[in-house]
Structure formats: C-alpha cells, structure tokens
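Here are my notes on the model you sent over. Have it open next to you while you read.

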Amino acid sequence: MDKADNSTHSTASTPSPPDSSLAGRLERLVNNEQFADVAFRVGEPGEVMFGHKAILSEASEVFRAQFTGMFKESRENVLEHEIPILDIEPGSFKELLRYMYCERVNVTADNAVDILYGSQKYLLTKLSQICEKFIQQNVTEDKVLRMFDSNRRYELEGVNRICLDIICDDPIRFFADESFLTLARPSVELIASRKAINCQTHQLLSAIEQWLQVNEDESEDGTKIVAMVREQKGRTLICKKMHNFAAGHYVTSNGFVQPAKLERSVSPQISFGTSVFSPFGATAPTTSSPTQKTFILKVDTDKPCAIYGVGIYIKSKQFEQTVTLDISVDKTGVFPTTTKRTITAKEDLCVEEVLFQKLTIKTGVTCTIKVQMHHGITSLFCLKNFEPEHPAYGLRFTSSNATEPFVVGTNCCVAYVLYNFGSAGEDRKMLTAAKGQSLFC
C-alpha cells in the first residue's frame, strides 16, 4: 500500500524531461553563469548577464573582433570587468544571446525594434531579416505610432519606412489618436516632411497645432515645423483618382428641395451648425430663398478597396454665392463621419477636394457618400450620373438623391473619388493574434 502511494506521488511530481536536442542544450547556457567567461552590464539598470566567448565569437564577427583583436576586452578579465551594453535593454539583449546560442528568438511587437537594432549592431543578418519580416507583417494600426516613436532611439531606416507608409496612408485617423499628441518632436517632423500623404495641408497643420498645445515646451521647434509645412511645394496624395466622365449640366433651384421655412429679415442670415453666412453674397440678387440639395453616391467593389475622399464640383451659372457643404461618409455597419465646408461658388468651374478617414470596403460592403449643398440662388453645376473613368477596375457607383433614393442615374456633384486597391493597410498580411504574439524561429 505504501509502495503504491509512493509510486503515485512520484509520478505526479515528475518534471518534464529537459529538451535534449542540440538547440535545447545550448539554450540552457544562455545567461548561465556556470562556465561563463564573459560578463555584460546591460541597459540603464546595469543588469549583469553572462556569456561564453567561443559561442559568441562563432555567431558574431563583432564579438570575435572584440574578444580577439586590439580591443581591451581581449586583454582584460571580462568576468571581473563587465562589458557595458548601454544601448540595448536586458530583455532584448537576452533574446540576442538566445539567437546566437541556438537560433531561437522570441520577437514581439514590443521588442522587435530593439532586437532589429541589436541584430544590425552585431551583424546578425538572418535575425535582421526575421525582425524586418515580423514588423512588416505584424505592425497594426493601433501599435504603429508607438513603434514609430520608439525608433527615435535608433533611427532604423526600414522601421521608419514601414511605419510611415502606414501612417501616411491614413493620416487623418492617426491625427485623431491620443498617441499622436505624445509623439516626440522628431517623429512629428518626419511625418510633416513627407511629400506623399493622404491628407490636405490644413488637416496636417491642424494636427501639428494640436500637438503644440500639448507640447508647449516644443513651441520653438514646432513653429519651424509649421513653417516647413506651409512652404513645402509638391505635396501629393498617395491614393488615386477615379474621375467621373458623365456629361455636365446645370440644375435649377426649382429642382432643389426647400428646407424648413426661415424667418425673413432685411438681411437674411442662415446658420448651419456653427457657420453663419449671408446666402446671397455681394453680387447676387436678394429675391430668392436659400435652397438645399442632397446628392448621394454609393460605392461598391468586387475586391478590397480603400476610399479616402471625393472631389466636388462647385460652379454657379450666374453671380458669386456662398455654398455650405455638409458631407457624411459611412460604410455598412460603421457609424458615419461628417465634415462641413463653406466656400464661394463662382462662374469658373472648380473642384473642392475633401479627404476623410480611410474606409476599407469589400464585396458586400458599401461606402455611402452624402453631400448636402445649402446655397442661395441661381443654378449650380453638376453631372448627370457617375460614369467611372475605368469601369473595368471593379468599382461600381450609384448616384441618387434624397427625394428619389431608388432612381439610378440621378444628378451627381462628385467629380472624382479618391481610392486605392492594395493600400498600405491591405497590402500586408495582418496577423491579428492577441497581445504578446510571438514569432519563434
């Protein structure tokens, strides 16, 4: 009976056998003081970590030169005089050691930049490739600002390129992120200096000004960034334009939907949200009530596509007049975003470009763009439909209005739609595992 009890107890407490493979045996030597012949003082905490010269020299030409060349480490007892490693934190340095001992490494979103820097410092080419691939496949939109800002310590070109491609593809989203307000000044400057970015100058300047309000100690350098943005020439969008090739015509005010009756006064003033304006302008007659027209454009696709904004035709047949645009954009299952513009319509045709946060659509998901025009008098220019420049691209457009929502081919004020297939956020394979996801090699 005693034997049976002892046997049961022994079986339950037996530990798993150690990994007997070559890699497993070598991994047990990582940061193992036993038989170590070199010590490091690592990171700001100055944590002491141990290594074996023979293994490190075979793995890294940098360590080989350090231990065998003219460096003082080749002459000193480096167990008594630890080698300082001040530019890498202990956790990341241990992963570097692990890779050099057994070619195993634990790369995460939190340490990928640090390990990449260390791999380049110690000329570990294969590990650099592993880290770059991990960053490219795993950096998500909710982590990219933090990763980008952490790279100010190293300024690794590849990390900057990957992060800036994501940020500049959908900058309006990131400008609204609280993490943008805590970015270091060099990070803001790098974003501001990009010549290809999917936002307008006033949106970029507004984001920088909000950052300056939070970072008042950076006011001098921040003012220089603002000046740079205002003076920069040749800024372009990354996204493409799908032009509307439908025929144009004027729509008279008789065809517009009249809003709720307004009180008349000697000099009528109309308020839309926070904007107040005179609807008639300096040169327009004052015999007509303000009018409203709603244009609706729905966008469907056969393959994943990102929508970034629209160009809206603005033209008055006679007289200058003030026009207020209320624009709302939504996609299936997503709460709409809105923006407002007040502009002057003239007899010369112009296009008012409006960019918003990127909306990604796919088969079965529709993007709806609704433009409400509030204006004074005379006819406004629009197109008879939306006929895409490249119908074969797989984007489908349906125009309608508030009074005839199911009539296909009604008037459309959209001159072009800003889009991209395979944008920065869609071109990479996104791995959406839980926090702490690792890549083991």
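The points below go from the whole chain down to single residues.

1. Ground rules. This is a predicted model, so to speak of local features we need pLDDT of at least 70, side-chain atom pairs count only at pLDDT 80 or more, and totals for chains, interfaces and linings use all residues. Residues are numbered from 1 along each chain as its sequence is written, and side-chain values use heavy atoms, with hydrogens and water left out.

2. Overall make-up. The protein chain has 15 helices and 18 strands; these are DSSP runs numbered from the N terminus, H or I of at least four residues for helices and E of at least two for strands. Of its 441 residues, 45% count as buried. Buried means under 20% relative accessible area, exposed means over 50%, and partly exposed is in between (1.4 Å probe, protein chains only). The chain exposes about 22700 Å², with carbon and sulfur atoms supplying 51% of that; the areas come from the Shrake-Rupley method with a 1.4 Å probe, and for residues only the protein chains shown count as cover. Among contacts (heavy atoms within 4.5 Å) between residues at least 6 apart in sequence, 77% join residues at least 24 apart.

3. Cores. A nonpolar core here is a set of buried Ala, Val, Leu, Ile, Met, Phe, Trp, Tyr and Cys residues joined through side-chain atoms within 4.5 Å. The largest one has 75 residues, and the members touching the most others are Phe 40, Leu 56, Phe 93, Leu 96, Ile 191 and Ile 208. Helix H9 gives the most to this core, with 7 residues. There is also a second, separate core of 35 residues, which includes Met 242, Phe 295, Ala 345 and Val 365.

4. Leu 96 up close. Leaving out residues up to four places away in sequence, Leu 96 touches Ile 88, Ile 115, Gly 118, Ser 119, Tyr 122, Leu 124 and Leu 127.

5. Helix H12. In H12 (residues 185–192), the buried residues include Ser 187, Val 188, Ile 191 and Ala 192. Looking down the axis of H12, its buried residues fall within an arc of 135°, so they line one face of the helix; the arc is that of the directions from the helix axis to the C-beta atoms. As background, an α-helix has 3.6 residues a turn, so residues three or four places apart point the same way. The buried residues of H12 pack against helices H8 (144–150), H9 (157–169), H10 (171–175), H11 (178–181), H13 (201–214) and H14 (219–231).

6. Helix H4. Which residues of H4 (residues 61–68) are buried? They are Phe 63, Gln 66 and Phe 67. Down the axis of H4, the buried residues fall within an arc of 90°, so they line one face of the helix. The face turned away from the buried side carries the exposed residues Glu 61 and Thr 68. Cover for the buried residues of H4 includes S1, helix H3 (53–59), strand S3 (83–85) and helix H5 (90–102). At the start of H4, a side-chain oxygen of Ser 60 reaches to within 3.2 Å of the backbone nitrogen of Val 62.

7. Ser 399. This residue is found in strand S16 (residues 395–401) and is buried, with a relative accessible area of 0%. Its side chain makes a polar contact with the side chain of Asn 385 (3.0 Å). The definition of a polar contact is a pair of N or O atoms within 3.5 Å; within protein, one must be able to donate a hydrogen and the other to accept it, and residues adjacent in sequence count only if both atoms are side-chain atoms.

8. Cysteines. With a disulfide taken as a pair of cysteine sulfur atoms within 2.5 Å, the count comes to 0 disulfides.

9. Backbone angles to check. Asn 31 is not a glycine, yet has a positive phi of about 50°. Asn 31 is found in the loop between helix H2 (22–27) and strand S1 (38–42) and is partly exposed at 23% relative accessibility. Leu 123, also not a glycine, has a positive phi of about 60°. Leu 123 lies in the loop between helix H6 (112–121) and helix H7 (125–138) and counts as exposed at 54%.
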